[in-house]
Amino acid sequence: MSEVYLNGAFLRPEEAKVSVMDRGFLFGDGVYEVIPSYGGYFLRLEQHLNRFDASLAAIRLDNPLSREEWRTLLRRLIGTPPAADQAVYLQVTRGAPGSRDHLCPAGTQPTVFASASPIKPRRPEIAQDGVACITRPDIRWQRCEIKSISLVAAVMMRREAEEEGALETIMHRAGLVTEGAVSNVFVVKNEALMTPPNSHLLLPGITRGLALLLAEEHGIRYLEEPILLETLRGADEIWLSSSTREVLPVTRLDGRPVGDGRPGQLWQRMDRLYQAHKEQVRNGHV
Ligand code: PLP
């Protein structure tokens, strides 16, 4: 990481310092985004920035920068010429007032931070063998559509997955699948592709949206509808989607094989469409 952005300045990471009074640090009072870039072009930049605006509006924080200011600073972070494929991270907190109080004094300047880091290429075993997941009750709050920096539940869920030798935890609430700790979930059953509908119970994933768009463009029918936990357990295929991990095939769930235990046919098709889309982004065609 050569430089990061903090409150108007581009600095070396070790020079960038935030106050201990920052409400991000004390309350988790802030929101964030992660945006992938390929060959110097962002994938679905406007959709990410729209979701960022929605998260800020939901916690009643004005966006401190204009759309054009964000675009300019994000482009600078990935460098010219860009250093490999990178994901930019952006975060805004309610700032660092003089004292710790749940109510924040009017006029407090938000803290604005952004950085870029390389996207690790997918390991070939993942496309060949898929990944393992576990299931757990969704212990999070009920405003999961906000991309909040308060991520302790997600941290706990990822750790439990790792302890079980799995990549991700798929969560459920009242018998229905919500999403992964850091991803959205798709299920294929009898050739039907399904994903839970957007609501306050899950993040409206940008990769989820792109996968649905690609499905629509290529005549793959899908349903956005509630998915029972037992449907997940009996699925022919399960996929995860996220900006840095793309669309991944899940081949083990709670220690048992999903379908025939191999990445499914529909996933292979979606992955080809996704990779082709990424190449178009990389060549500046999208
Ligand atoms: N759901 C949660 C809880 C996430 O944290 C993420 C990404 O971090 C996603 C879904 C996937 O969202 P996106 O595709 O926009 O990266």
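**View 1. R282 and E279 meet through their side chains in a salt bridge, at 3.1 Å from N to O.** A salt bridge here is a side-chain nitrogen of Lys or Arg within 4 Å of a carboxyl oxygen of Asp or Glu. The model is predicted: local features need pLDDT of at least 70, side-chain atom pairs count only at pLDDT 80 or more, and totals for chains, interfaces and linings use all residues. Residues are numbered from 1 along each chain as its sequence is written, and side-chain values use heavy atoms, with hydrogens and water left out. Both partners belong to helix α8 (residues 265–282). They sit three residues apart, about one turn of the helix. Helices (H or I, at least four residues) and strands (E, at least two) are DSSP runs, numbered from the N terminus. R282 is partly exposed, at 24% relative accessible area. E279 is partly exposed too, at 35%. Buried means under 20% relative accessible area, exposed over 50%, and partly exposed in between (1.4 Å probe, protein chains only).

**View 2. D138 pairs with R173 in a salt bridge.** The closest N and O atoms are 3.8 Å apart. This pair links distant parts of the chain, 35 residues apart. D138 is in the loop between β7 (131–137) and α5, while R173 is in strand β8 (residues 168–173). Both D138 and R173 are buried.

**View 3. A network of salt bridges links E46, D53, R67, E68 and R71.** The structure as a whole holds 26 salt bridges.

**View 4. I139, V152 and M156 make a nonpolar patch on the surface.** Together they have about 300 Å² of accessible area. Areas come from the Shrake-Rupley method with a 1.4 Å probe; for residues, only the protein chains shown count as cover. Patches are built from residues with over 30% relative accessible area and no salt bridge: like charges are joined within 9 Å, nonpolar side chains (Val, Leu, Ile, Met, Phe, Trp, Tyr) within 5 Å. M156 is found in helix α5 (residues 152–163). M156 is partly exposed, with a relative accessible area of 43%.

**View 5. The ligand is surrounded by 16 residues.** The closest are R51, E179, I206, T207 and S243. By class, the shell has four nonpolar, eight polar and four charged residues.

View 6. The protein covers 90% of the 390 Å² of accessible area that the ligand has on its own. Elements giving two or more residues to the shell are β9 (176–180), α6 (206–217) and β13 (237–242).

**View 7. T251 lies in strand β14 (residues 246–253).** T251 counts as buried, at 4% relative accessibility. The C-alpha atoms of T251 and I126 are separated by 9.8 Å. Along the chain, T251 and I126 are 125 residues apart.

Note on methods: A residue is near a molecule or strand if one of its heavy atoms lies within 4 Å of it. Ala, Val, Leu, Ile, Met, Phe, Trp, Tyr, Cys and Pro count as nonpolar, Asp, Glu, Lys and Arg as charged, and the others, Gly among them, as polar.
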